[in-house]
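Please have a look at the sequence and the fold before I go through them.

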Amino acid sequence: MKSLLEVKRVTRSFYGVKILNGVDLTVIDGTITGLIGPNGAGKSTLFNAVSGLFPPDGGQVLLDGTDITGVSPRERVERGLVRTFQLARGFPKLTVFQHLMLYGQRHPGEGLLASLTGNRTARRHEDELAQEALAVAARLRLSHVLDNPVTALSGGQKKLLEIGRALMAKPRLILLDEPMAGVNPTLTGEIAEHLRALNAEGVTICLIEHDMKLIGHLCDPVIVMAEGRRLTQGRFEEVVADERVQEAYLGGRH
Ligand code: ADP
Ligand code: MG
């Protein structure tokens with residue numbers, strides 16, 4: 001039971017308000033770990049701290065035993081730590097294919113350089129990325145919309161593209177922020193299957209999701225956050241039976 005991600009006493013304030021109050025938690029290598037808690041508990045903020053988007057004010061983040069607290073978001077991605085967003089972000093004018101290529105691009109400017117100078121190494125890298133983008137799209141059943149602008153995608157397809165974007169980085173750990181929110185039940189099941197398959201291939205997953213049935217099916221263990229702290233952790237059945245967890249949900253703005 002090796003820990004892939006360790007969060008130690010992480011704090012973060014916005015405008016003088018403490019949003020993360022000293023979070024301690026561990027994600028074990030190879031798991032699909034659930035992260036639940038009432039609205040405003042600080043789950044997304046924790047993902048921001050771990051991915052480096054809004055670094056913590058205090059505490060430490062370790063990836064596979066290495067302290068990455070001061071490491072840039074980009075470098076974290078290169079080390080295999082990738083997150084997705086609650087609301088898909090992107091560049092509206094780019095196509096699905098371009099979008100995937102962009103996130104696979106580990107050496108900025110290379111694509112441009114290749115087209116200007118015809119540099120062969122750069123062009124080979126570009127070809128490899130294109131192959132990966134096609135494979136990722138096929139896997140997520142997005143091949144038929146590869147040339148569509150991102151704005152033309154359905155809500156569900158946007159969610160799939162978010163996952164695709166993460167896959168282009170060849171992640172070891174994916175932090176998924178509500179990947180099924182607002183998606184129809186069929187697609188929800190499909191996304192769940194994608195997550196299971198990725199996990200079976202060795203990708204560790206940390207999943208924020210409001211749908212408790214899904215959390216129960218997919219995740220072990222489940223970590224519960226409330227008021228900027230880890231409240232408890234355990235098997236799904238254990239944590240939902242915990243009175244403190246029920247109180248946290250009743251007391252929250254849920
Ligand atoms: P959760 O994802 O558990 O619902 P969040 O982490 O999104 O909770 O939010 C926790 C609290 O932190 C909320 O009150 C939110 O308004 C606040 N917060 C999060 N990010 C910021 C930010 N960038 N600026 C100001 N307040 C923020
Ligand atoms: Mg959130």
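In which sense do β1 and strand β4 pair, and over how many bridges? β1 and β4 (residues 58-63) pair in the antiparallel sense, over five bridges, and within this pairing K8 stands opposite Q60 in β4. Before I go on, please keep in mind that this is a predicted model, in which local features need pLDDT of at least 70 and side-chain atom pairs count only at pLDDT 80 or more, while totals for chains, interfaces and linings use all residues. Residues are numbered from 1 along each chain as its sequence is written, chains are lettered from A and ligands numbered from 1 in the order in which they are written, and side-chain values use heavy atoms, with hydrogens and water left out.

As for terms, helices (H or I, at least four residues) and strands (E, at least two) are DSSP runs numbered from the N terminus, and two strands pair if DSSP finds at least two bridges between them.

Strand β1 (residues 3-14) is also joined by nine bridges to strand β2 (residues 17-28), again running antiparallel, and the bridge partner of V7 in β2 is L25. These two strands form a hairpin with two residues between them, and Y15 in the turn has a positive phi of about 50 degrees.

Turning to the other sheet, we find six strands in an open arrangement with mixed pairing, in the order β6-β7-β8-β3-β9-β10. Its edge strands, each pairing on one side only, are β6 (81-83) and β10 (229-234). Within this sheet, β3 (residues 32-36) runs parallel to β8 (residues 204-208) and is joined to β8 by four bridges, with T33 opposite C206 in β8.

Now to helix α7 (residues 185-200), which lies across β3, β7 (173-177) and β8, at about 150 degrees to β8; here angles run from 0 to 180 degrees between N-to-C directions, and axes are lines fitted to C-alpha atoms, for helices over the stretch in contact, where contact means heavy atoms within 4.5 Å.

Finally, helix α3 (residues 96-104) packs with helix α6 (residues 155-168) at an angle of about 35 degrees, the axes being 7 Å apart. On the α3 side, V96, H99, L100, Y103 and G104 meet L161, G164, R165 and M168 in α6.
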